[in-house]
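User: I've just opened this one up and I'm new to it. Could you walk me through it, one question at a time?

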Amino acid sequence: MTKYILNRLFHSALVMFTISFIVFFIMFKAGDPVELMLPPDATQQDVIEMRAALGLDKSFIVQYQKFLINASHGNLGNSFIYGQPALDIVFERMPATLELAVIAMLLSIIIGVPLGIISSIKPNSIVSRVIMFFSLAGISVPVFWTGMILVLVFSVILGVLPSSGRGDVFLFTSAFTWDGIKHLIMPVLTLSIFQLALILRLTRTGMMEVLMQDYIKLAAAKGVPRKVIVYYHALKNTLIPLITVIGIQFGQLVAFTIVTETIFAWPGTGKLIIDSIQSLDRPIVVAYLLVISFLFVAINFLVDVLYTFVDPRVRV
Amino acid sequence: MRKFIIGLATVALLCSAVNAKTLTVGVASDAGSMDPYAHNETATNSILSNIFDALIAFDKDIKTHPALAVSWTNPEPTVWLMKLREDVKFHNGSAFNADDVIFSFDRVKNWDKSGFKGKVSMIDSVTKIDDYTVKIVTLKPYPILLRKLTYISILDKETLEGKSDQWIGLNPVGTGPYKITSWSKGDHLKLDANLDYWQGLGVYDKVVFKPLSNNATRVAAMLSNAVDIIDRVPVVDVNRIKNNDKLNFFVQPGLRLIYLQMDQDRDKSPYIKSHDGKNPLKDVRVRRALYYGINEDAIVKFIMKGFAKPAAQLSPEAVFGYDPSIKRVEYNPEKAKALLAEAGYPDGFEIVLDSPNNRYINDSQIAQAVASSLAKIGIKVKVNATPKSTFFKETGKLNTSFFLIGWASSDGDASSILDGVVHTHDADKGYGRYNRGRFSSPKADKLIEESAGIMDPKARLKVLQEAQRIALVDEQCFIPLHYQVDIYASNKKVKFEPRTDSRIWAFDIK
């Protein structure tokens with residue numbers, strides 16, 4: 001197991017190193033941030049001085065080398081735009097994104113799994129058909145549209161929910177204040193509709209497949225109560241692929257809340273990264289992508305570990 | 001007794017809630033930093049103008065008037081004596097005096113990341129005469145000094161000395177009408193009234209700036225009454241705002257000109273295909289043909305939905321240097337064709353028009369419209385729209401033949417576009433940095449350089465106008481398209497007047 005973990009860590013480090021190089025290179029090639037930062041009436045001398053101040057006058061190799069040396073000390077450089085350490089800015093914005101992703105994911109699981117089970121037991125009942133209809137809609141409707149419709153209905157027409165921003169924050173999250181919760185409702189809904197539908201459908205398919213298998217028939221023949229069969233024997237085996245998907249989807253949620261954050265002016269990392277790419281703020285883009293890839297690596301690792309608990313066959 | 005106290009507390013709470021007037025402003029872009037020297041761009045300048053003062057301020061019509069400097073004399077052409085206001089305190093209680101002015105000018109000039117060096121490049125020295133008088137010496141006679149001074153926010157020496165860039169970037173200490181209470185980047189900036197402000201108190205006790213960068217989000221916030229004012233109303237939503245009887249709607253002519261630059265330097269331009277292999281844009285008749293051949297009225301009507309003003313010259317009317325005698329030529333494709341034929345291109349030529357697609361209002365659509373206009377006079381234009389980061393990089397390398405770009409005369413003076421774009425490119429003298437078509441007219445250059453030293457406004461105006469006439473009318477250095485306008489919306493509780501410099505200055509809002 002130790003060897004396995006060490007191996008995984010080595011691979012992860014390699015992945016992150018590669019990502020840093022690629023992102024650094026792309027941002028280096030993308031354009032000159034100084035050109036965008038200084039006003040048009042700045043002189044050529046000002047441009048040269050600003051480039052030197054930000055270290056952009058050096059060659060790519062020298063810049064990347066300096067980045068690697070600093071990064072090995074945990075310093076990913078200062079943002080060109082904000083002048084603050086890039087990692088600090090990313091972490092400052094991370095709670096806002098994480099709370100959206102976590103709450104949306106929990107909501108999707110809590111609602112999606114039971115609904116999936118219900119619709120798998122009696123796939124042809126009216127209830128199942130209604131559930132499946134809405135899940136199809138949930139998977140097909142674009143996030144942007146859902147968000148705008150929610151804003152139109154609940155903010156503009158009814159005026160009951162705030163259209164944008166994050167509410168009062170307590171202990172890093174807005175989920176503990178009433179004002180915060182009101183601000184959370186629409187972004188969380190927008191974000192979870194797709195996930196909910198996806199989890200629901202996966203649960204259903206998985207359950208239907210498992211319920212067909214011989215050991216389920218055997219259990220039924222032995223007289224095991226239906227409830228125990230469904231919620232213990234069958235569900236447990238359905239969970240295996242589901243956990244993988246939930247893991248990947250959670251990473252996706254964190255990394256791609258961009259659209260939702262833009263619609264609701266949510267001060268998370270998605271909005272930060274878009275702004276930073278547009279202003280060529282390389283330190284932030286690199287820091288953000290490193291943090292996100294670390295997150296993906298960590299989630300994958302966690303999923304693998306969880307697997308071994310759910311499915312003894314893959315135990316190392 | 002207990003009930004009484006609770007009752008009292010409730011009443012007190014209610015009173016304070018009623019009395020504390022809050023103004024919430026939804027802005028398209030957040031401030032980049034709380035350090036007033038970090039970014040010279042409109043959104044940051046606008047927000048920070050509520051926190052900081054400069055020696056001189058612009059009024060809403062971009063005319064200069066006294067701020068932290070009460071009065072000044074100009075005993076010699078290069079020497080300015082400025083008398084400072086004596087009753088001013090910074091937000092942390094520290095007193096304002098000449099040392100702060102000297103500290104500020106030193107930092108703006110010498111801090112390696114300062115974005116405002118261009119505003120003080122002509123200042124040779126700033127020295128203290130006494131606690132409330134400073135002497136500013138310029139390198140040459142400098143008629144636009146006062147306009148430049150409006151950009152230099154005054155910082156507190158006692159507070160800032162020895163502080164890191166990071167600290168200064170988060171902790172603004174100014175003398176302005178509002179002081180910071182909290183800033184969460186991308187979410188809100190909360191300000192409280194500065195009770196000691198030297199101009200007295202504004203109507204609002206609290207001001208909140210909310211960055212709402214998505215257009216639809218900003219409009220939804222206005223429609224749902226979550227904010228009191230929004231800036232940059234997208235033209236597609238104008239009717240929704242206009243037809244809402246709970247909202248006011250404002251249009252303010254801006255300072256930004258949208259125009260086309262042309263490669264007028266190289267004999268062979270990289271993105272032009274002509275029958276003789278030469279660069280037709282070197283011929284003034286061809287340049288003029290393009291001007292006649294673009295249907296700007298249609299662009300304003302269909303692409304800008306009426307929210308732009310066709311431009312006849314380099315800067316709008318509010319800017320010093322405007323020449324009322326220059327009018328835009330009428331759209332005339334016949335004349336354009338005749339001019340092309342005269343120049344030896346009766347069948348036109350092929351050219352690529354570069355344009356940013358995320359910098360100016362509807363930028364790439366304008367470029368498309370220019371292309372379809374020019375198609376009618378036989379010029380095949382291919383539009384190459386790219387994000388601003390690519391666009392400015394490529395045009396900076398002159399990897400272009402024809403491009404759409406904007407220029408804001410943010411000093412309110414024509415010298416900025418004349419120096420920066422019209423004058424022959426000359427890195428040593430600091431002229432023509434944005435002259436990426438490499439237009440060059442020795443006659444205009446001479447006038448531009450001469451105008452920099454004329455202290456008499458009337459005489460200077462004449463020279464600026466003459467320089468523009470030569471460059472634009474005689475030589476057709478660029479093709480002006482239109483001036484952008486700023487569009488705002490507010491609810492009816494708020495009395496708001498837009499400013500020419502596009503800033504939202506809460507102190508004036510009632």
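This is a predicted model: local features need pLDDT of at least 70, side-chain atom pairs count only at pLDDT 80 or more; totals for chains, interfaces and linings use all residues.

User: In what order do the strands of the open sheet with E5 and E7 of chain B come?

Analyst: The sheet has four strands, paired in the antiparallel sense. The edges are E4 (69-76) and E6 (123-130) of chain B, each pairing on one side only. From one strand to the next, the twist averages 20 degrees. Reading across chain B's sheet, the order is E4-E5-E7-E6.

User: Which helix lies across E5, E6 and E7 of chain B?

Analyst: Look at residues 98-110 of chain B. That helix runs at about 165 degrees to E6(B). Its label is H3(B).

User: Over how many bridges do E12 and E18 of chain B pair?

Analyst: E12(B) covers residues 247-262, and E18(B) covers residues 478-491. One of their bridges links B:Val251 with B:Ile487. The two strands pair in the antiparallel sense, and the count of bridges is 12.

User: Which residue takes a positive phi in the hairpin of E8(B) and E9(B)?

Analyst: E8 (178-184) and E9 (188-193) of chain B pair in the antiparallel sense over six bridges, and B:Trp183 faces B:Leu189 in E9(B). Three residues lie between the strands. The one with a positive phi, near 80 degrees, is B:Gly186.

User: Where is B:Ile62 found, and why does it count as buried or exposed?

Analyst: B:Ile62 is in the loop between E2 (56-58) and E3 (64-66) of chain B. It has a positive phi of about 60 degrees although it is not a glycine. Most residues other than glycine have a negative phi. The cut-off for burial is 20 or more neighbours, and because B:Ile62 has 20 C-beta neighbours inside 10 Å, B:Ile62 counts as buried.

User: What about chain A: how many helices and strands has it?

Analyst: Along the sequence, the pattern of chain A is α-α-α-α-α-α-α-α-α-α-α-α-α. Its C-alpha atoms fill a box of roughly 85 × 60 × 35 Å along the principal axes. Of its 316 residues, 39% are buried. The tally for chain A is 13 helices and zero strands.

User: Is A:Ala265 buried or exposed?

Analyst: A:Ala265 sits in the loop between H11 and H12 of chain A. Its phi is near 45 degrees, a positive value in a residue other than glycine. Because A:Ala265 has 25 C-beta neighbours inside 10 Å, it counts as buried.

User: Which helix gives the largest share of the side of chain A that touches chain B?

Analyst: The contact takes 41 residues from chain A and 46 residues from chain B. On the side of chain A, the elements giving two or more residues are H2 (33-37), H3 (44-54), H7 (143-157), H11 (258-263) and H12 (269-278). The residues on that side divide into 21 nonpolar, 13 polar and seven charged. The largest share, six residues, comes from H3(A).

User: Back to chain B as a whole: what is its radius of gyration?

Analyst: Chain B has 17 helices and 18 strands, and 51% of its 510 residues are buried. Its C-alpha trace spans about 95 × 55 × 40 Å along the principal axes. For 510 residues, a compact globule would have a radius of gyration near 24 Å, so chain B agrees with that at 25 Å.

Notes:
Residues are numbered from 1 along each chain as its sequence is written. Chains are lettered from A and ligands numbered from 1 in the order in which they are written. Two strands pair if DSSP finds at least two bridges between them. Two residues are in contact if their C-beta atoms, placed from the backbone, lie within 7 Å. Ala, Val, Leu, Ile, Met, Phe, Trp, Tyr, Cys and Pro count as nonpolar, Asp, Glu, Lys and Arg as charged, and the others, Gly among them, as polar. The radius of gyration is taken over C-alpha atoms; the globule rule is 2.2 Å times the number of residues to the power 0.38. A residue is buried if 20 or more other C-beta atoms lie within 10 Å of its own, exposed if 12 or fewer, and partly exposed in between; C-beta atoms are placed from the backbone. Axes are lines fitted to C-alpha atoms, for helices over the stretch in contact, and angles run from 0 to 180 degrees between N-to-C directions.
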